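Work through the exercises below with the sequence and the structure at hand. Each task is followed by a solution in steps.

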Amino acid sequence: MTKVKWKALFISLLALNILVILFVLILVNLPAKDKELIPKVSYEEDIQFQIHTNREDLTRLINQYLDKEGLTGSIHYEVFLTDEVELYGTMPFFNREVEMKLTFEPIAQKNGDLILKQKSVAVGHMNLPVSYVMSLINDRYNMPEWVSIRPNDESIYVSLQDMELKSDIRVKAKEFDLKNDDISFLLTIPSSLQ
């Protein structure tokens, strides 16, 4: 009788294993309840990121960009952000290089561009008209296409929207308060990249 019990228990255990496997297979193949497992994502809208930075990091980024793009050309210049935008460089004057420093007040525009309004000009120890110095800079310095020097307005217009970045990413200035070190940009990644 023990042999019969052993066979019956073995067959019962085998049948139970087969039932469990069938039950699991049925559950796996049943459709999920009215919920989708993968959420729908819209690929038709552009993606936007707001970036906050500080004067020191942005100064490093600007000067790296100028060097990498070869925009300083044969005449070297650098940009520093303090409580204002400072441009240091040299300019030729009677076969001699003269040091200069220009300072600007940045003004973020509603469209995301920047206007750099001229505050002061120092060219060696000379007092030269601002429009003359800005015309010389416009003629001698290699500026990106999206930067336009306006000598008559004593300003520089920085069209951030026209700045060419990889993958057609667009940049807009949201806040550009150097005195409080509050600088933020909106980066827009086109939906065609996704």
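Predicted model: local features only at pLDDT ≥ 70, side-chain atom pairs only at ≥ 80, totals over all residues.

**Exercise 1. Describe the protein chain as a whole: which elements does it have, and in what pattern?**

Step 1. The protein chain holds three helices and nine strands.

Step 2. Along the sequence, these elements follow the pattern α-β-α-β-β-β-β-α-β-β-β-β.

Step 3. Of the 194 residues in the protein chain, 29% are buried.

Step 4. The accessible surface of the protein chain is about 14100 Å², and carbon and sulfur atoms hold 56% of that surface. Accessible areas come from the Shrake-Rupley method with a 1.4 Å probe, and for residues only the protein chains shown count as cover.

Step 5. Among contacts with a separation of 6 or more, 46% are between residues 24 or more positions apart. Contact means heavy atoms within 4.5 Å.

**Exercise 2. Which residues does Thr188 meet, and is Thr188 buried or exposed?**

Step 1. Thr188 belongs to strand β9 (residues 182-189).

Step 2. Thr188 counts as buried because its relative accessibility is 5%.

Step 3. Neighbours within four places in sequence are left aside; Thr188 is then in contact with Asp46, Ile47, Gln48, Asp168, Ile169 and Arg170.

Step 4. With Gln48, Thr188 also forms a side-chain polar contact of 3.4 Å. A polar contact is a pair of N or O atoms within 3.5 Å; within protein, one must be able to donate a hydrogen and the other to accept it, and residues adjacent in sequence count only if both atoms are side-chain atoms.

**Exercise 3. Where does Glu84 lie, and which residues is it in contact with?**

Step 1. Glu84 is in the loop between β2 and β3.

Step 2. At 18% relative accessibility, Glu84 is counted as buried.

Step 3. Apart from neighbours within four places in sequence, Glu84 is in contact with Thr103, Phe104, Lys119 and Leu178.

Step 4. The side chains of Glu84 and Lys119 are joined by a polar contact of 2.9 Å.

**Exercise 4. What lines the largest cavity?**

Step 1. On a 1 Å grid over the protein atoms alone, a cavity is a set of points where a 1.4 Å probe fits but cannot get out; a pocket is an open set with protein on both sides within 12 Å along at least five of seven lines, and lining residues have an atom within 4 Å of a point.

Step 2. The largest cavity is lined by Leu87, Leu102, Phe104, Met134, Ile137, Ile149 and Ile156. The elements giving two or more residues to this lining are β4 (97-108) and α3 (130-140).

Step 3. The space in the largest cavity is about 30 Å³. Grid points are joined across faces, edges and corners, and a volume is the space filled by probe spheres set on the points.

**Exercise 5. What is the volume of the largest pocket, and which element gives the largest share of its lining?**

Step 1. The largest pocket has a volume of about 950 Å³.

Step 2. Its lining has 34 residues, and Ile62, Tyr65, Trp146, Leu160 and Met163 lie nearest the centre.

Step 3. The largest share of the lining, eight residues, comes from α2.

How values were computed:
Residues numbered from 1 in each chain as written. Heavy atoms only, no water. Helix = DSSP H or I, 4+ residues; strand = E, 2+ residues; numbered from the N terminus. Buried < 20%, exposed > 50% of the residue type's maximum accessible area, 1.4 Å probe, protein only.
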